[in-house]
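Subject: Structure handover

Hello,

Here is the structure for your review. My notes follow below it.

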Amino acid sequence: MSDLYERSAAVMPPFALHKMPFGIDHASGSYLYTDDGRKILDFGSGIAVNNLGHNYPTVVKAAHEQLDKMVHCCHNLFHYEKETALAERIVGLMGGGYKVYFSNSGAEAVEGAVKLAKYATERPAIIAFKGSFHGRTMMCTSLTASNSAYRKHYEGLVPSIYFAEYPKLFGTPYKMEDGKCPKQYFTQFDDIFKRLVDPYSVAAILMEPVQGEGGYVVPPREWVQYVREICDKYGIMLIFDEVQTGFGRTGNMFAWQTHGVKPDIMSCAKGIANGLPLSAVVGKAEIMDKWTAGAHGGTFGANPVSCAAALATIDVLEGGAIENGRRMGEYFIGELKKLQAKYPVIGDVRGLGLMIGMEMVYPDGSPNREMTARIVSLALEHDLYLLSCGCDKNVVRFIAPLTVSKEEIDTALSVLGKVFDQIADEA
Ligand SMILES: Cc1ncc(COP(=O)(O)O)c(C=O)c1O
């Protein structure tokens with residue numbers, strides 16, 4: 001047992017339970033270095049945060065320089081270069097016509113996005129999706145439907161939230177004709193509007209453009225486009241929660257580009273500053289302009305050091321990291337599909353860019369949570385760090401940094417090969 005593990009008694013138990021029997025001493029590139037001398041290939045990226053790998057030199061340098069200049073002055077009170085420059089940069093990434101409000105965490109950004117939709121439309125209701133994860137504040141907990149553990153003892157949550165089905169086509173209970181998205185995922189909105197909530201009472205439809213915690217589920221493009229049409233028809237704001245998908249994770253700067261559907265409002269966080277805490281609500285200018293003084297705010301948003309790191313992060317993303325992530329993602333998915341052909345326990349391999357999930361099933365197709373946990377744990381014994389996800393905890397997720405090399409992916413694949421051999425030997 002490492003020293004840090006021994007001292008973990010002072011750390012809040014729910015998280016310590018999931019922690020490893022070692023501490024992390026330092027990290028660099030694609031690797032974590034433990035306090036007991038191990039070097040671990042990190043395909044968790046701090047839960048999709050270190051998109052450029054750990055301690056990317058130009059990002060660290062930009063943060064250092066800003067630390068010496070100014071740590072905080074409060075964006076509620078003053079303008080300063082790094083906040084303004086980053087807002088301009090993000091508006092540029094959106095193709096113009098948007099404005100940005102900066103916060104600290106993903107939940108804060110989702111909270112802000114939903115507040116904005118309610119404020120701008122003066123409507124009460126929100127439609128979110130089963131399988132979603134949007135964060136831990138009371139509103140975000142209310143919007144989350146991937147695990148009842150997140151909601152337990154918090155009931156009496158924010159009202160007027162309705163949950164629709166997210167089109168997870170692998171294992172869908174509905175009939176798929178010619179491989180197409182079943183019609184129920186489209187017609188459900190008519191049912192919701194007829195039986196539950198009038199469409200003109202709905203402020204926003206909130207969706208993850210690729211469901212993260214819910215199992216790395218990529219929705220069909222035509223369905224995402226249909227949701228956009230519904231929003232346009234009834235004056236509903238389309239909010240994309242790009243907290244996990246944003247900043248290069250899915251092979252484009254944002255997943256909305258991959259779907260060819262622009263949101264009215266977007267929340268982003270995680271990879272935005274490659275590890276420094278920062279998040280943003282990005283909204284169409286005419287919507288953001290409805291937010292008057294006092295309607296939203298926060299002491300710590302737009303931290304100058306985080307904004308400096310974010311500007312440097314975007315430089316690297318645009319300078320080739322996204323392109324590398326897209327190419328490496330295609331290669332990785334292709335190789336995982338080869339493994340799938342060999343091992344029927346792998347029911348599905350899916351993903352966009354380097355947001356990749358491998359769903360584990362029993363022979364009858366039911367979720368194989370045990371195998372997922374076994375793979376994650378054996379991989380770690382071979383110094384490969386992986387996470388799981390999915391409402392049934394039966395998806396192995398691969399969140400390699402976008403800067404990952406082919407050799408590092410091959411190392412991960414060779415570990416997976418050993419893990420599957422070991423599991424076959426045990427059977
Ligand atoms: C899609 C999505 N939204 C929101 C959040 C919440 O972000 P944070 O943990 O930074 O509050 C997460 C975190 O995993 C997420 O994946």
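Strands β2 (residues 31-34) and β3 (residues 39-42) pair antiparallel over three bridges. Pairing means that DSSP finds at least two bridges between two strands. Strands are DSSP runs of E with at least two residues, helices are runs of H or I with at least four, and both are numbered from the N terminus.

Before the rest, the ground rules. This is a predicted model, in which local features need pLDDT of at least 70 and side-chain atom pairs count only at pLDDT 80 or more, while totals for chains, interfaces and linings use all residues. Residues are numbered from 1 along each chain as its sequence is written, and side-chain values use heavy atoms, with hydrogens and water left out.

Back to the hairpin. Tyr33 has Lys39 in β3 as its bridge partner. Leu32 has Ile40 in β3. Four residues lie between the strands of this hairpin, and Gly37 takes a positive phi near 90 degrees.

β3 and β13 pair in the parallel sense over two bridges. There, Asp42 stands opposite Tyr385 in β13. Contact here means heavy atoms within 4.5 Å. Axes are lines fitted to C-alpha atoms, for helices over the stretch in contact, and angles run from 0 to 180 degrees between N-to-C directions.

Now the other sheet. This open sheet has seven strands in the order β4-β10-β9-β8-β7-β5-β6, with mixed pairing. β4 (98-103) and β6 (161-164) stand at the edges with a single partner strand each, so one side of each has no neighbour in the sheet. From one strand to the next, the twist averages 20 degrees. β4 pairs with β10 (residues 279-284) in the antiparallel sense over six bridges. Tyr101 stands opposite Val281 in β10.

Two helices to check here. Helix α6 (residues 106-121) packs on the sheet, touching β4, β5 (125-129), β7 (202-207), β8 (237-241), β9 (265-268) and β10. Its direction makes about 25 degrees with that of β10. Helix α8 (residues 184-196) packs on the sheet too, touching β5, β6 and β7. Its direction makes about 150 degrees with that of β6.

Last, the ligand. Residues around the ligand (a heavy atom within 4 Å) include Ser105, Phe133, His134, Asp241, Gln244 and Lys270. Polar contacts are pairs of N or O atoms within 3.5 Å; within protein, one must be able to donate a hydrogen and the other to accept it, and residues adjacent in sequence count only if both atoms are side-chain atoms. A polar side-chain atom of Gln244 lies 2.9 Å from an oxygen atom of the ligand. A backbone N or O atom of Ala107 lies 2.8 Å from a ligand oxygen atom.

Regards
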